[in-house]
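Good morning, and thank you for coming. Please take a moment to look at the model before we discuss it.

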Amino acid sequence: MASRIESDDPASRPGVIRDTASIGHAHLIDADSVVGVGEYKIARSPAKLMCIGLGSCVGIAIYDLQAQVGGVAHAMLPRYEEGRDKVNASKYADSAIMIMVDELLEMGASRGHLRAKMAGGAQMFSFITSDTLNIGLRNSETARATLKGENIPLLAEDVGGVRGRTITFNTTNGVYRIQKGNDHSTI
């Protein structure tokens, strides 16, 4: 059970929740930095943006280190044109990328300096054998194609498999941290 800590500790500032129910150690979660399912967030450095529990969703980070701005999308479906929800365009990989690019450019990023990294796109249900129904695969393929169409180099990715991921992206240095169960890696 998460609880809010009130003290002089920087971790107790508004929006920071200390999860005291974790096994053996506490995790700090800043509510402002968590990118929810179907959302995206843009931030100036220093900031860390996190997607918790990526299954078939993809966490797409786009950033410009020189301008010190970046964003992360937590896209749950591949293509806007195929979706039923026409209100929340950030839930789709293709439209979320386009929206983030526009906002990053408005914040001072240079299109030529934009870079991307992504993770997620797992196949969470073993009974699905069709590529058409493999949303994780389609999400990562759509994100890759959209980034290519926007001329944004995809520097690294960790997609596919059958395990969910939690990712944290650092806008200061472009480090993209991936947690799969007890395994950690950076790309």
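Throughout this talk, contact means heavy atoms within 4.5 Å. With that in place, Asp158 contacts Met118, Ala119, Gly120, Arg165, Ile178, Lys180 and Ile187, neighbours within four places in sequence being left aside. Residues are numbered from 1 along each chain as its sequence is written. This is a predicted model, in which local features need pLDDT of at least 70, side-chain atom pairs count only at pLDDT 80 or more, and totals for chains, interfaces and linings use all residues; side-chain values use heavy atoms, without hydrogens and water.

Asp158 belongs to strand 9, residues 154–159; strands (E, at least two residues) and helices (H or I, at least four) are DSSP runs numbered from the N terminus. Is Asp158 buried or exposed? Asp158 counts as buried because its relative accessibility is 17%, where buried means under 20% relative accessible area, with a 1.4 Å probe and protein chains only. Its side chain also makes a polar contact of 3.3 Å with that of Lys180; such a contact is a pair of N or O atoms within 3.5 Å, and within protein one must be able to donate a hydrogen and the other to accept it, while residues adjacent in sequence count only if both atoms are side-chain atoms.

I close with confidence. pLDDT is the predictor's confidence in each residue, from 0 to 100. The protein chain has a mean pLDDT of 86, with 79% of its residues at 70 or more. Over residues 1–26, however, pLDDT stays under 50. Where pLDDT is low, the predicted coordinates should not be read in detail.

Terms used
Buried < 20%, exposed > 50% of the residue type's maximum accessible area, 1.4 Å probe, protein only.
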